[in-house]
Amino acid sequence: MRVVILESSESVTQFAADEVCALLKERNAKGFGAVLGLATGGTPLGLYRELIARNARREITFANVETFNLDEYVGVPPDSPCSYHYYMLENLFQHIDIDLAMTHVPITHGVELQKSAEAFELQIEQAGGIDLQILGIGSDAHIGFNEIGSSLGSRTRVKTLTERTRQDNARYFGSIDDVPQTALTMGIQTILESQSILLLATGTGKAKAIRDTVEGPITASVPASALQLHPNVTLAIDRDAASGLANADYFLAAERNRAVASRSS
Ligand code: GLP
């Protein structure tokens, strides 16, 4: 795993935006669009603001980009401000030159959920797979809504949210009683099939989750630890989120060496 420890949440934003832009430009140069996996929550908001700004300055285009979101609540209509459909429109899609028909957020309203999950998996396959999956991380190290105990071989399906996740997300709903009990989420295996993965984390509230993800054993009790199995994962984290890492100095040294190597090549 590449662990990039950055000074601040703003540096995490800039690092993530640079990674996304590099992929979009590389694909554009080859004449085809990128497939992005997108996350919700507070952490990627800075990234989305930065992508909107770079798109407005015409540094990047989303004209040929296709997107797949990790998850959506069950029981929240897409036009509700609490839905992830709404979040994506509000925080990214309606501000960039993307074709909305190329954006996919799992559908949980007015559908049979298992069929919707299967259709979502098929759409990812038909798009040729996800090139770059952006991830946040829950305070208990869940990714998407793959809660503790999620099979490391899981695919898109309905998951029951833990009390802790519902508590963490209550701020978006007003009260914990309004937070749904379940969500439709990409599975861990679905996520692991992405070509590359970029996980973002900021703040001390994520320090234990990051430590368990990077330095703990691979276990379904720490869903993000499954990322250790993936050959192309980058964690971009601020100093606070890195504060629980026993090997922080090693990761900082590895990044310095990487910078030296790229200057001399
Ligand atoms: C939710 C989302 C996750 C996200 C997590 C952390 O549970 N389903 O994809 O990573 O929240 O959110 P935040 O970035 O607000 O801490």
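Predicted model: local features only at pLDDT ≥ 70, side-chain atom pairs only at ≥ 80, totals over all residues.
## A buried histidine

The side chain of His230 comes within 2.6 Å of the backbone oxygen of Ser194. His230 belongs to the loop that runs between helix 7 (207-215) and strand 10 (233-238). Its relative accessibility is 7%, and because buried means under 20%, His230 counts as buried.

Setting aside residues up to four places away in sequence, His230 touches Leu192, Ser194, Gln195, Ser196 and Ile197.

An open sheet of seven strands is present, with the order 1-10-9-6-2-3-5 and parallel pairing. Strand 1 and strand 5 stand at its edges; each has a single partner strand, so one side of each is left without a neighbour in the sheet. In general, the strands of a sheet pair through backbone hydrogen bonds, in either a parallel or an antiparallel manner.

Strand 9 and strand 10 are joined in the parallel sense over five bridges. Within this part of the sheet, Leu198 has Thr234 of strand 10 as its bridge partner.

## The nonpolar cores

The largest nonpolar core holds 42 residues, and those touching the most other members are Leu36, Leu47, Leu51, Phe62 and Leu92. At least two residues of this core come from each of strand 1 (2-6), helix 1 (9-29), strand 2 (35-38), helix 2 (45-56), helix 3 (84-91), strand 6 (132-135) and strand 9 (196-201). Helix 1 makes the greatest contribution to this core, with eight residues.

Apart from residues up to four places away in sequence, Leu47 touches Thr13, Ala16, Ala17, Val20, Ile134 and Leu200. Another core, of 35 residues, lies apart from the largest one, and its members include Phe68, Val214, Ala226 and Leu245.

## Helix 7 and its cover

Helix 7 has several buried residues: Ala207, Ala209, Ile210, Asp212, Thr213 and Val214. The elements that cover them include strand 1, strand 9, strand 10 and helix 8 (248-264).

An α-helix has 3.6 residues a turn, so residues three or four places apart point the same way.

## The ligand site

The ligand has 15 residues around it, of which Gly42, Thr43, Asp71, His142 and Lys206 come nearest. One oxygen atom is 3.2 Å from a polar backbone atom of Ile137. In the side chain of Asn169, an N or O atom is 3.5 Å from an oxygen atom of the ligand. For the side chain of Arg171, the corresponding distance between an N or O atom and a ligand oxygen is 2.9 Å. Taken alone, the ligand exposes 390 Å², and the protein buries 93% of that.

## Two further buried residues

Thr108 is placed in the loop between strand 5 (103-104) and helix 4 (113-126). With a relative accessibility of 8%, Thr108 counts as buried. Its side chain reaches the backbone oxygen of Tyr73 at 2.7 Å. Not counting residues up to four places away in sequence, Thr108 touches Glu72, Tyr73, Val74, Val76, Leu113 and Leu184.

Ile188 is part of helix 6 (residues 188-192) and counts as buried at 1% relative accessibility. Beyond its neighbours within four places in sequence, Ile188 is in contact with Asn146, Ser150, Ser151, Leu152, Ser154, Pro223 and Ala226. The C-alpha atoms of Ile188 and Ala224 are separated by 8.5 Å, although these residues are 36 residues apart along the chain.

## Positive phi angles

Most residues other than glycine have a negative phi. Arg58, however, has a phi near 60 degrees, a positive value in a residue other than glycine. Arg58 lies in the loop between helix 2 and strand 3 (66-69), and at 76% relative accessibility it counts as exposed.

Ala141 likewise has a positive value, with phi near 70 degrees. The loop between strand 6 and strand 7 (157-160) contains Ala141. Ala141 is buried, with a relative accessible area of 1%, whereas Arg58 is exposed.

Terms used. Residues numbered from 1 in each chain as written. Heavy atoms only, no water. Core = buried A, V, L, I, M, F, W, Y, C linked by side-chain atoms within 4.5 Å. Buried < 20%, exposed > 50% of the residue type's maximum accessible area, 1.4 Å probe, protein only. Helix = DSSP H or I, 4+ residues; strand = E, 2+ residues; numbered from the N terminus. Contact = heavy atoms within 4.5 Å. Polar contact = N/O pair within 3.5 Å; in protein donor to acceptor, adjacent residues only side chain to side chain. Near = heavy atom within 4 Å. Areas by Shrake-Rupley, 256 points an atom, 1.4 Å probe, with all protein chains shown as cover. Pairing = 2+ DSSP bridges.
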